[in-house]
Amino acid sequence: MTAPGIQSAAGSRVLRAIVWKEFREAAPTGVAALAIVALGWALVLMLERSLSGAGAASTAPSFSLSLFTLTSAGVGLMIGRAQVVRERRGDAWAFLTHRPVSRSTLFWGKVIVGASLYIVAAAIPLAAALWWQATPGHRPLPFDARMILPHLADLLAGLVYYFVGLVIGMREARWYASRFMPFGAAIFCTTLVLGMSTFGAALGVVAAALLIAGTAAWGSFIGGGHYAPQPRISRVALGILVSVGLAVVGVIATGILSIAWTFGRPGATDLRQTDYEIMSNGVLAQVTRMRHLLVATSTVLDVRDLAGAPLQQYRDSASKQLSLGTGVISTAAIPLNPKGQYTEYVLGHGYRRTDDIFVPLGAGAKTPSAVSWYFSRRPGLIAAYDNQSARLIGWMGPDGFSPGVSLPPHRFAGPLSPYTEIGYKQPLLAFPNAVYRLDLDQRTIRKVRTALTGETILGAASSGDSTALSVYGSPAQFDAIATTTHVYVQSTAGAPELTATRDAQAAGYGTVVVSRALRAPGTPTFLRYAPRNGTLSRTQLAIATDRFTEIGGDGVTVAQYALPRSDSTDTDNTEWAALTVAGLTTPLMERIVGLSFGHMTVPTGASTQASRAPLILSWGLTLVASLVSCLIVIGIGRRYAFDSRRLRHWAAIGIAVGPLGVLVMLALIEWPARERCPACGRERVVTREQCEHCGAPFGAPALDGTEIFEIAVVAVA
């Protein structure tokens with residue numbers, strides 16, 4: 001065998017020995033991690049079965065953040081830290097690293113064992129749980145292979161926590177200062193994984209985080225937990241981890257202080273809001289309310305017409321407390337853009353949600369219910385599951401309910417239109433070519449609208465309830481259907497009542513709300529178009545306002561107008577304080593990137609110089625903070641004798657990320673002691689052989705009789 005072959009065989013034997021040693025030491029931690037993840041899944045599955053048996057399965061949301069997200073992250077962190085914290089004590093580290101093997105080999109031996117233990121501990125309970133969920137009779141809802149993707153993303157994200165655990169265990173830093181800052185970077189990674197819309201994007205985030213965290217862990221191990229001996233690439237990776245962690249801590253601290261400041265003042269739980277409302281007499285008015293958040297009530301402060309003049313009938317305080325919109329019946333917002341994210345603040349779409357797989361329905365169903373209903377997007381049918389047996393009992397299509405597991409021949413054509421409310425509990429199902437009225441309690445369905453030639457149905461919503469019906473009669477209940485060309489209003493039986501051409505000035509708007517003033521003369525109908533979630537550009541959306549179309553009882557359009565734009569620049573002390581904090585803490589680099597991608601725009605149109613004041617203040621404070629941070633970094637660097645190249649690097653960091661750069665510098669670098677130079681009398685760092693000020697070398701220490709070596713004097717002839 002050649003010399004390289006002998007060395008390779010010897011290296012493999014050494015690596016196997018290291019792996020076996022690491023396995024024996026880390027196996028108990030791996031078993032504990034397996035128990036933690038298994039217990040978490042057991043609790044989740046027991047809760048799911050309990051809810052489904054109680055008839056609450058159709059209304060239980062599936063949150064993006066699951067218990068497995070937390071347990072996988074926790075055990076990854078636990079395994080990583082446990083692998084190194086034991087050997088960081090006493091002489092164990094010296095015994096480990098003084099073996100005839102490189103530190104990189106020692107590191108990869110740990111990683112092979114630790115990552116494998118994590119995968120086994122997290123993947124085995126996950127596989128068992130997914131098998132349980134996919135088996136019929138366990139959960140009364142459809143199962144699709146795509147439902148595995150969120151858990152797979154969490155499983156891979158746990159590896160980031162494993163490497164962060166290695167970093168935390170290795171770093172020579174105080175536990176109450178910056179040692180745990182990389183944990184904030186792992187939390188930020190999880191936040192991004194949760195927020196991604198596609199599984200591929202989530203994998204990209206995890207891959208980038210693994211590269212950074214893995215490099216930082218390798219460098220920390222190579223350097224024995226110290227920053228200076230590490231390779232440059234690992235120092236950069238560690239700097240990224242610490243800076244992101246500091247940013248996360250800063251955001252959390254700022255949020256806590258903001259909440260304390262906001263709700264710690266008198267009247268802080270009262271929120272002043274101004275909106276446009278339809279009065280009982282059919283007049284559109286500007287209403288200012290004070291909403292009391294803790295008691296969920298509101299007080300009317302002011303009522304004015306569109307021109308801003310006070311309405312006389314609401315001039316006294318008693319009349320203002322009346323229900324101003326009595327007799328005004330409205331639909332939910334009807335979507336005009338099928339791709340709009342109408343419920344993104346609660347549901348959203350993407351690989352972590354089931355919305356793109358199935359939609360829980362609740363039209364007419366009792367709560368708790370014996371049956372759970374889901375519109376399944378792939379077959380284009382409504383599936384019915386018995387909550388007690390957790391098994392499929394039938395399908396509902398355009399032709400009605402069909403018992404059994406066999407798919408009916410006719411299916412709904414096209415995608416289901418989105419709905420803007422929380423939970424799809426309305427009775428109307430809108431498809432591009434037809435609208436159906438659904439009654440799940442009676443297990444019936446009927447078509448109430450067919451799209452005309454040349455138009456496509458965008459959305460539908462029903463209005464009215466039993467209380468309104470008993471007071472105002474059948475006009476209180478109606479269906480509104482929006483298409484690409486018209487808005488139709490019809491009775492719940494399908495009889496036409498009103499047809500309105502879409503407002504051309506509202507092209508690209510996202511929603512329309514149909515309201516009927518039942519107590520007003522002529523019972524007028526109002527269409528309110530809102531720009532949000534439409535197809536307008538960012539610039540158009542910044543200046544667009546809601547538009548109203550008023551239609552008389554005879555079906556003739558009375559007026560079309562846009563709501564006045566509010567150019568008010570009044571900003572209270574809390575808002576100015578928030579602007580100041582944001583300006584001082586937002587990195588200049590983030591602002592430049594946001595501006596280049598169009599996320600930060602300058603007010604246009606009717607905006608005045610005063611309306612630009614918050615933007616100017618924010619940018620000005622950011623520039624000042626970057627300049628001051630740069631000067632602080634340069635001052636610290638000169639104090640500790642940084643060379644010119646190193647000083648330029650840190651100055652650039654101070655300019656780019658502002659105060660965060662100063663904090664990162666203080667958190668990363670191990671600052672040497674400083675002593676007075678006997679030659680020039682100035683403070684000098686003890687890590688340099690010569691004084692950085694005068695160039696004088698350190699003098700030999702004074703002899704005190706304890707020396708065991710003597711300086712040999714050689715006589716030269």
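Is Ala 641 buried or exposed? Ala 641 is buried, with a relative accessible area of 17%. The legends below come back to this residue after a look at the whole chain.

**Figure 1. The whole chain in a predicted model.** This structure is a predicted model. The chain has 717 residues, and 43% of them count as buried. Its elements are 16 helices and 23 strands. The accessible surface comes to about 36,500 Å². Carbon and sulfur atoms hold 62% of that surface. Take the contacts in the chain with a separation of 6 or more: residues 24 or more positions apart account for 57% of them.

Figure 2. The mean pLDDT of the chain is 83. A value of 70 or more is reached by 83% of the residues. Where pLDDT is low, the predicted coordinates should not be read in detail.

**Figure 3. A nonpolar surface patch built from leucines.** The patch is made by Leu 39, Leu 43, Leu 65, Leu 67 and Leu 70. Its area is about 470 Å². Two elements give two or more residues to the patch: helix H1 (3–53) and helix H2 (67–85). Leu 43 sits in helix H1. How exposed is Leu 43? Its relative accessible area is 49%, so Leu 43 counts as partly exposed; the cut-off for exposed is over 50%.

**Figure 4. Val 14 of helix H1 and its distance to Thr 105.** Val 14 belongs to helix H1. Val 14 is partly exposed, at 33% relative accessible area. Along the chain, Val 14 and Thr 105 are 91 residues apart.

**Figure 5. Tyr 161 and Phe 183, an edge-to-face pair.** The structure holds 19 aromatic pairs. One of them joins Tyr 161 and Phe 183. The centres of the two rings are 6.1 Å apart, and the angle between the planes is 70°. The pair links distant parts of the chain. Tyr 161 is in helix H5 (residues 149–170), and Phe 183 is in helix H6 (residues 181–195). The two residues are 22 residues apart. Which cover does each partner have? Tyr 161 counts as buried at 6% relative accessibility. Phe 183 counts as partly exposed at 30%.

**Figure 6. Phe 412 and Phe 431, a stacked pair.** Why does this pair count as stacked? The ring centres of Phe 412 and Phe 431 are 4.8 Å apart and the planes are at 5°, so the pair is stacked. The cut-off for stacked is planes under 30 degrees apart. Phe 412 lies in the loop between strand S10 (400–403) and strand S11 (428–431). Phe 431 is in strand S11, and the two residues are 19 residues apart. Both Phe 412 and Phe 431 are buried. The two rings also belong to one aromatic cluster, formed by Phe 375, Phe 412, Phe 431 and Tyr 436.

**Figure 7. Ser 491 in a loop between two strands.** The loop that holds Ser 491 runs between strand S16 (486–490) and strand S17 (496–501). Ser 491 is buried, with a relative accessible area of 16%. What does Ser 491 touch, not counting residues up to four places away in sequence? Its partners are Asp 479 and Glu 497.

**Figure 8. Arg 443 and Ala 641, two residues with positive phi.** Arg 443 has a phi near 60°, a positive value in a residue other than glycine. Arg 443 lies in the loop between strand S12 (434–439) and strand S13 (444–450). Arg 443 is partly exposed, at 36% relative accessible area. Ala 641 has a positive phi of about 60°, although it is not a glycine. The loop of Ala 641 lies between helix H14 (613–639) and helix H15 (644–657). Ala 641 has a relative accessible area of 17%, so it counts as buried; the cut-off is under 20%.

Definitions and conventions. Residues are numbered from 1 along each chain as its sequence is written. This is a predicted model: local features need pLDDT of at least 70, side-chain atom pairs count only at pLDDT 80 or more; totals for chains, interfaces and linings use all residues. Side-chain values use heavy atoms; hydrogens and water are left out. pLDDT is the predictor's confidence in each residue, from 0 to 100. Patches are made of residues with over 30% relative accessible area and no salt bridge: like charges are joined within 9 Å, nonpolar side chains (Val, Leu, Ile, Met, Phe, Trp, Tyr) within 5 Å. Accessible areas come from the Shrake-Rupley method with a 1.4 Å probe; for residues, only the protein chains shown count as cover. A salt bridge is a side-chain nitrogen of Lys or Arg within 4 Å of a carboxyl oxygen of Asp or Glu. Helices (H or I, at least four residues) and strands (E, at least two) are DSSP runs, numbered from the N terminus. Buried means under 20% relative accessible area, exposed over 50%, partly exposed in between (1.4 Å probe, protein chains only). Rings of Phe, Tyr and Trp (its six-membered ring) pair if their centres lie within 6.5 Å; planes under 30 degrees apart count as stacked, over 60 as edge-to-face and the rest as tilted. Contact means heavy atoms within 4.5 Å.
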